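Please look over the sequence and the model shown here before reading on. The report is written for someone meeting this structure for the first time.

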Amino acid sequence: MVDGMHRLKAAMMRGEREIAVRYLDGSADDVFVHAVAANITHGLPLTLKDRKAAAERILRTHPDWSDRAIARIAGLSPKTVGAVRRRSSEEVPQSNTRVGQDGRARPLDLARRREVARALLAQRPGVPLREVAAHAGISVSTAHDVQRRMRHGEPETADTRRTTTAAAWAGIDAQADRDSRAAVLRSLTNDPSVKLTQSGRALLRWLTTQAPDVEAGGRLLADVPPHCAVTVAGLARSYAQEWERFAREASQMHETPTGRRAD
């Protein structure tokens, strides 16, 4: 039983002999991941201790998953998952790659691989970037960045490597969030109980117009004076709090006096 134990118990108490189910194929480790993710989003919330224990177990079974990917499943911050990983380093198998939320694997020894790419570019200046990427075990975009730095005489410092890696992961997660929101909106749009009612269509229009383009905002923010940026940050936090309140109210919808669930 991955999820729905209380619903199953309620059906049994009502004397029902059958209940609608959804089958899940996968290993015991993958089933555990699904169970944690399901119990994070609804039902009786897991305690912090439970979520940390879940993260530790996932780290043991999926050591190549990124801290950010595990954090989203377990309802923790990436920083907390990183602390759990370091604390459990003797029990958690070590991997030289991390698999992000987009399913792509990325090396942890990126600094060494960039140096390999730099050496090949120095020896063969006209070598295709795809060949450089394959030789060094990096992406073509990373190979291009190495080549650009060489042309401009920029050294491969630890700070630039960390910045490049962090920016890449942040961009991946932002894209994943945008894709996820788009998929949810498509699902709502195709739901007959939503699209066939006037209030449902109004909700869809409202959600579509309220979807923030954070990336565009970030570009505009680049030219804002520092003292105004602080004001904008406070306004953004205010909006975020309102959205959080809206999300809580949506999550806590209960049975209406007519007996129908308010969607």
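Predicted model: local features only at pLDDT ≥ 70, side-chain atom pairs only at ≥ 80, totals over all residues.

The sections below take up a pair of helices, the salt bridges and a surface patch.

## The model

## Two packed helices

Two packed helices are described by the angle between their axes and the distance between the axes. Helix α4, which covers residues 67-74, packs against helix α5, residues 78-87, at an angle of about 110 degrees, and their axes lie 8 Å apart. Because angles of 65 to 115 degrees count as roughly perpendicular, α4 is described as roughly perpendicular to α5. On the α4 side the contact is made by Asp-67, Arg-68, Ile-70 and Ala-71, while α5 contributes Pro-78, Val-81, Gly-82 and Arg-85.

Two of these contact residues, Asp-67 and Arg-85, also form a salt bridge, in which the closest N and O atoms are 2.7 Å apart. This pair links distant parts of the chain, since Asp-67 belongs to helix α4 and Arg-85 to helix α5, 18 residues apart. Asp-67 is partly exposed, with a relative accessible area of 23%, whereas Arg-85 has a relative accessible area of 9% and is therefore buried, the cut-off for buried being under 20%.

## Other salt bridges

The count for the model comes to 12 salt bridges. One of them joins Arg-7 to Asp-3, with the closest N and O atoms 3.3 Å apart; here Arg-7 is exposed, at a relative accessible area of 51%, and Asp-3 is partly exposed, at 27%.

Another salt bridge is formed by Arg-14 and Glu-16, whose closest N and O atoms are 2.8 Å apart. Arg-14 counts as exposed at 58% relative accessibility, while Glu-16, at 37%, counts as partly exposed. Elsewhere, salt bridges link Arg-114, Asp-145, Arg-148, Arg-149 and Glu-154 in a network.

Key. Residues numbered from 1 in each chain as written. Heavy atoms only, no water. Axes fitted to C-alpha atoms, helices over the stretch in contact; angles between N-to-C directions. Helix = DSSP H or I, 4+ residues; strand = E, 2+ residues; numbered from the N terminus. Parallel < 35°, antiparallel > 145°, perpendicular 65-115°, else oblique. Contact = heavy atoms within 4.5 Å. Salt bridge = Lys/Arg side-chain N within 4 Å of Asp/Glu carboxyl O. Buried < 20%, exposed > 50% of the residue type's maximum accessible area, 1.4 Å probe, protein only.
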